[in-house]
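Visitor: Please show me the model. I would like to ask how its descriptions are reached.

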Amino acid sequence: MTEHPEGAVPPTLELRDVRKAFGPVVALRSGTLVVHPRSIHALVGENGAGKSTLVKVVAGVHRRDAGEFLLQGRSVDFGSTAESKAQGVAVIYQEPTLFPDLSVTENIFMGRQPLGAGRRIDRAAMYAEAERLFARLGVHIDPRRPAEGLSIADQQIIEIAKAISLDASLLIMDEPTAALSGIEVERLFAVARSLRDEGRALVFISHRFDEVFALCDTVTVMRDGEYISTHATAETTVDEMVAAMVGRDVAELFPKTPAAIGAPVLEVQGLTSVGVFDDVSFTVRAGEIVGLAGLVGAGRSEVARAVFGVDRYHSGTVHVNGTAVPGGKPRAAIRAGMALIPEDRRKQGLVIDASVARNVGGVIRSALARTGLLTARTENRAAAPWASRLEVKTNALDMTAATMSGGNQQKVVIAKWLATDPKVLIIDEPTRGIDVGTKSEVHRLLSELAGRGLAILMISSELPEVLGMADRVLVISEGRITADLDRDDATPEAVMLAATHHQPSPTRTEAVR
Amino acid sequence: MSTTGRVYAEYSQPLWKRLLMTREAAVIALTLAVIAYSLVNVQNFDGPLTLKFLLQDIAPILLIALPMTLIIVTGEIDLSVASIVGLSSVVLGVLHQGGMPVPLAGLVALVVGAVCGMLNGFLIAYVGLPSLAVTIGTLALFRGVAVGLLGTTAVTEFTERWTDLATGTIGETSIPLVMIPFALLAVAFSLLLHFSTFGRGVYDIGLNSEAAHFTGVDVARTKFVLLTLSGVVSAFAGIYFTLRFGSARGDNATGLELQVIAAVLLGGVSIFGGRGRLHGVLSGVVLIGVIASALRLEGVTVNVTNIIIGLLLIASVVSGGLLAWLSRRLPRQASRASTDPGSTSTRPAARAGV
């Protein structure tokens with residue numbers, strides 16, 4: 001930054017107080033980001049800090065509600081991704097979207113193929129140009145091969161080649177290294193540095209601090225949709241960066257009342273699902289709330305789904321009160337006393353077009369059908385007290401769940417599982433997308449349930465929620481448990497460090513489907 | 001979780017509305033209207049043989065519509081039913097020709113039907129292939145085997161005792177004997193769909209199979225059971241079909257699957273799954289049967305009958321869409337409890353047929 005004084009060359013990208021809201025939800029409160037040419041700029045922040053929204057505004061996916069947006073010193077306003085591309089903005093996503101059946105060259109020149117005599121596509125020129133691009137990037141990819149079967153790393157290279165052939169002056173890479181092995185990361189960094197040296201500006205989004213410090217010259221921190229700070233990486237430390245990312249006092253927000261902690265109820269040993277999570281072991285005891293923290297995509301929900309039997313796993317064991325629970329069978333997990341409140345309540349938690357009564361009675365109905373027959377009346381009578389206990393707001397029990405607010409829907413899901421009288425409650429994102437009032441109701445309820453001896457495993461992307469509610473925090477990173485912290489040791493910094501803990505694994509490459 | 005003792009109404013609509021303002025009630029009303037019209041205006045419609053032939057004609061459709069309803073409610077389909085009718089007919093004929101008594105040959109035919117259904121069920125439920133593709137394949141496969149076994153010939157030498165049973169009526173009435181097993185099956189299937197946990201699972205799968213899986217519904221097993229039942233019932237319909245006409249042929253009941261599916265959809269079952277009730281379907285079958293019978297008595301050709309039934313089916317689908325469109329445009333009185341602006345479904349579940 002310092003070597004490019006203001007005024008001489010305008011910044012490639014300049015965002016000032018950019019705001020973007022989706023209905024009542026403000027995703028980006030005041031996004032500020034200034035990126036200079038010949039610079040690699042890191043953008044960091046927790047999940048939900050607004051990084052992706054900011055990138056989408058720059059890419060023309062979303063239109064900003066307010067604020068300044070300048071490209072090369074000129075104010076712009078993109079209505080589509082085509083407009084941003086034409087102005088030299090290229091975005092490379094974590095998982096590139098190529099046409100698998102077309103050749104890599106055809107992917108690069110999609111929609112703007114060079115034309116020869118008689119307006120026919122000049123294939124020879126196209127392949128020659130692709131060859132030239134790959135040579136410049138220092139990679140060996142056959143321009144004629146189909147995109148199908150390329151590793152994620154090579155797919156990203158194709159996207160970068162596309163960006164260069166468009167002569168993009170600004171390249172934004174959204175967590176490009178998440179699925180790459182160590183060698184592939186090095187190659188990507190070499191390419192990024194050479195692009196920087198050509199005078200382009202790069203924005204690099206990553207949760208891995210070692211990479212941020214290895215590659216970038218400047219770092220901007222965001223939190224809760226707001227700009228926090230910008231520093232030269234040479235002048236800051238990992239600890240300062242984490243403090244800026246977390247930056248709030250959380251202790252008293254979500255009070256968990258202390259409960260007597262009893263014997264182990266849920267015991268998970270060496271749970272492994274190849275390529276998803278690896279050797280996951282933990283115990284949840286009666287009366288205990290265990291928080292499962294980690295970044296999006298780290299494998300938190302996947303572990304929960306496998307423990308409950310919604311997904312299968314390759315090896316490992318799950319015990320409830322000492323009894324083994326067979327894998328891959330939700331029914332068996334329910335019989336063993338487990339309940340799973342999944343992360344996506346509209347798709348997984350509820351049959352959204354079925355009535356409140358049908359949803360609340362959804363799991364207990366086999367117990368209601370004692371004679372083998374089940375009537376709507378029995379179901380309604382069984383569902384009503386549970387809906388009432390959770391104060392579900394509805395006119396009648398035959399209204400569909402789709403007509404209710406997110407908070408009420410979540411109450412229906414909770415009612416449905418509490419009705420089964422579980423011993424273990426796994427709750428994935430308990431308060432995502434619900435209003436503040438219901439949120440604290442849910443927190444109070446979880447605390448009360450733990451007080452009555454329930455073993456609770458709580459997954460949450462909201463660090464304050466995890467730290468406030470959990471007796472113990474497990475941190476998962478790239479499918480492995482990297483920390484097991486007691487309440488007193490679970491500081492935001494300790495959790496974030498463990499969550500971004502990164503072991504290069506040379507085998508993790510994925511192919512295009 | 002302070003208990004407020006909130007009390008809920010069980011239903012948002014009064015009983016008469018829940019009974020009469022439904023798709024099923026509309027189909028039943030239309031069926032009764034067509035019957036009344038035919039009794040007055042169509043000559044011989046009130047004759048003694050009309051009811052007998054009408055019921056004999058629609059019996060295979062009535063039978064197969066029972067499992068088909070449950071399959072379509074889960075969001076799947078079985079197009080191979082008519083081919084299973086043909087195959088079971090040939091199995092019965094060939095075995096009987098070889099000297100096996102009808103009851104035993106019939107039993108083997110039922111087993112063959114079950115195996116056919118299990119093949120469909122295995123490919124759809126456990127391999128995870130789309131039912132449309134699988135059953136188009138087995139439609140050709142089973143029919144091919146049936147025609148291959150018997151060629152273009154027919155087996156017609158059945159013991160009279162059994163063909164008489166298939167064409168006989170209950171006592172002095174005009175109601176065919178086949179209505180007895182049908183009635184038993186209809187009761188069994190309606191208990192299964194509307195009064196059992198299995199049936200609740202069937203609706204859940206049709207509305208949201210992922211959520212059903214998360215709730216502990218065994219999605220694969222449910223589909224497997226339904227397709228197997230479809231095979232068995234189709235084979236039973238094949239035995240009846242064969243004995244009624246005293247003729248086992250490879251091409252028996254060709255195209256019957258479309259009549260069954262048309263009746264199921266006309267009866268108010270959503271092709272996308274999750275909605276529909278058995279009494280609507282049965283009345284849909286009767287409606288089609290009555291129209292066909294009345295038009296035949298009027299001397300109208302089969303082609304015209306098909307045109308009318310086709311138009312009726314399209315009209316019923318359009319009217320459903322039209323009603324949904326209307327209810328969206330009307331003031332949303334049903335959604336007072338709603339605070340979710342993104343929701344489009346404001347109908348109480350009971351009216352939606354869940």
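Visitor: What are the domains of chain A?

Guide: Chain A is divided into domain 1 (13–98 + 150–246), domain 2 (250–337 + 422–513) and domain 3 (353–421). The bounds come from an automatic or database domain assignment. This is a predicted model: local features need pLDDT of at least 70, side-chain atom pairs count only at pLDDT 80 or more, and totals for chains, interfaces and linings use all residues. Residues are numbered from 1 along each chain as its sequence is written, with chains lettered from A and ligands numbered from 1 in the order in which they are written.

Visitor: How many residues does the contact take from domain 2 and domain 3 of chain A?

Guide: Eight from domain 2 and seven from domain 3. Residues are in contact if their C-beta atoms, placed from the backbone, lie within 7 Å. The domain centres, taken over C-alpha atoms, are 26 Å apart.

Visitor: Why are helix 2 and helix 13 of chain B called roughly parallel?

Guide: Helix 2 (residues 23–41) and helix 13 (residues 278–297) of chain B pack at about 25°. Angles under 35 degrees count as roughly parallel, over 145 as roughly antiparallel, 65 to 115 as roughly perpendicular and the rest as oblique. Therefore these two helices of chain B are roughly parallel.

Visitor: What makes helix 4 of chain B oblique to helix 12 of chain B?

Guide: Helix 4 (residues 81–97) and helix 12 (residues 256–266) of chain B pack at about 135°, with axes 7 Å apart. That angle makes helix 4 of chain B oblique to helix 12 of chain B.

Visitor: Which residues of helix 4 and helix 12 of chain B meet?

Guide: Val81(B), Ala82(B) and Val85(B) in helix 4 meet Leu256(B), Glu257(B) and Val260(B) in helix 12.

Definitions and conventions
Axes fitted to C-alpha atoms, helices over the stretch in contact; angles between N-to-C directions. Helix = DSSP H or I, 4+ residues; strand = E, 2+ residues; numbered from the N terminus. Contact = placed C-beta atoms within 7 Å.
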